Amino acid sequence: MDMTGLNMLAGWTTVGDTIMIEQMPIFGGYTGGVEETAICDVATTLASFGLFSGNFHLDGPIHIRWGVTTAKETLQIAAHAAAAIDANTDLLLANQYYPMAGPCTEMCLLETAAQAMVDTASGRELLSGSAAAKGVVQDKTTGMEARVMGAASQATCGMKVSDVNDILAKLVPSYEQYYTCAPAGKTFQECYDVRTVKPTAEYLEVYDKALATLRDFGLDIKQ
Amino acid sequence: MAATRALTIPDVYERFVKGKKVPEATWDYEIIPQNATALKEKYKLNFGDRIIPEDKETMNNLFQAGLEMLVSTGFYCQDLGRVLKISEEELWEGIRKTPTKLILGEGKDIARFYPRHGNSSVKPIIQGGPTGSPISEDVFVQVMQSYAQEGIVDNLVNGVMTTIEGKPAKTKTPYEIRATMAELRAVKEARVRAGRPGMGV
């Protein structure tokens with residue numbers, strides 16, 4: 001925490017704003033491995049409420065090598081931290097999305113869906129995304145990624161956690177193997193008619209294909 | 001000992017000011033990794049191969065380890081180079097004071113933000129948006145509309161407008177706040193275009 005943050009909090013708490021506190025623990029950084037990073041994730045999440053008057057917390061464990069939230073290790077950290085806090089409090093928990101691949105690619109949609117399954121089944125209350133192409137390339141995010149995030153979450157709700165884990169054991173390696181050569185995808189202007197804000201037929205086909213792949217992995221996802 | 005009350009922001013500031021001086025490198029390279037590793041061993045944490053935990057023991061042990069990490073290690077302020085401490089009782093008082101239900105947005109477009117617990121059959125809130133990704137000024141409204149018009153999306157999160165009136169929205173320049181205000185106007189327009197003017201942002 002720095003003084004700028006504390007000053008902003010002083011203002012927000014005074015006027016009664018709803019306060020979201022964001023923190024993204026780095027797997028492979030100072031905190032080390034998955035268990036150590038999850039411990040620090042729980043600690044800082046609790047600090048958001050106990051020290052900084054947050055109303056809900058936005059997580060986002062990020063992989064030091066890949067710069068994504070969709071890698072197995074970062075999904076594992078997010079899931080364990082959420083489930084631990086969920087089992088012991090009524091705090092409101094959120095997570096954010098940074099897939100490797102860009103929009104209009106099946107890989108991007110599969111990464112987003114995998115994280116939505118994890119966040120939903122580990123008890124989180126809000127899913128925030130998605131910053132495709134690691135959130136660093138201009139205009140490489142679109143509403144279609146949020147559509148798959150929501151659809152995958154809805155399909156996961158109420159499933160047995162062991163069944164969700166079984167699907168993830170197949171789904172996550174299916175895209176992780178392409179991290180070194182992930183498709184860059186297309187810009188918003190290439191994915192949508194900018195005047196009507198309708199997605200292109202090409203993106204709708206990619207979306208349908210991604211849903212078919214998710215069904216093949218065992219997720220009963222609807223259009 | 002019972003807590004006097006949950007800590008306020010001024011309380012936190014006072015504790016930082018009176019906290020122990022610690023070099024940032026010592027905090028980052030020694031205190032955090034050493035304490036995290038010690039707690040991993042104390043609570044025998046090993047996540048194995050499953051992504052989502054399936055047993056309560058792991059969940060409870062991780063919660064206790066995280067709580068102990070915060071209480072025993074404290075929290076660092078890099079501007080002051082000092083560490084504050086919070087007791088377990090004060091932490092729980094803060095958690096108890098936190099609202100467990102929130103309403104995001106206004107009117108017919110509200111999203112109810114309530115605890116789910118486990119893999120509930122209740123869908124989480126879907127917050128759509130670029131999540132801080134850089135977005136061109138000339139398509140900012142359309143990008144945000146692409147999220148607002150999705151039926152599954154309940155709430156919005158902004159991208160970052162990269163220019164304002166053609167100038168880079170650089171931090172610590174007047175363009176930074178002008179771009180931020182332009183983002184807010186653009187999101188309002190996107191919500192109206194999508195027919196959901198009360199959506200939360």
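Reader: Is A:Cys104 buried or exposed?

Author: A residue is buried if 20 or more other C-beta atoms, placed from the backbone, lie within 10 Å of its own, exposed if 12 or fewer, and partly exposed in between. A:Cys104 is buried, with 29 other C-beta atoms within 10 Å. This is a predicted model, in which local features need pLDDT of at least 70, side-chain atom pairs count only at pLDDT 80 or more, and totals for chains, interfaces and linings use all residues. Residues are numbered from 1 along each chain as its sequence is written, while chains are lettered from A and ligands numbered from 1 in the order in which they are written.

Reader: What is the phi of A:Cys104, and where does A:Cys104 lie?

Author: Its phi is positive, about 65°, although A:Cys104 is not a glycine. Helices (H or I, at least four residues) and strands (E, at least two) are DSSP runs, numbered from the N terminus. A:Cys104 belongs to the loop between strand 5 (93-96) and helix 4 (106-121) of chain A.

Reader: Which residues does the cis peptide bond join?

Author: The bond links A:Gly129 to A:Ser130, with omega about 15°. A:Ser130 sits in the loop between strand 6 (126-129) and helix 5 (143-156) of chain A.

Reader: How many bridges join strand 6 of chain A to strand 6 of chain B?

Author: Two strands pair if DSSP finds at least two bridges between them. Here four bridges connect strand 6 of chain A with strand 6 (residues 125-128) of chain B, and the strands run parallel. Within this pairing, A:Ser128 has B:Gln127 as its bridge partner.
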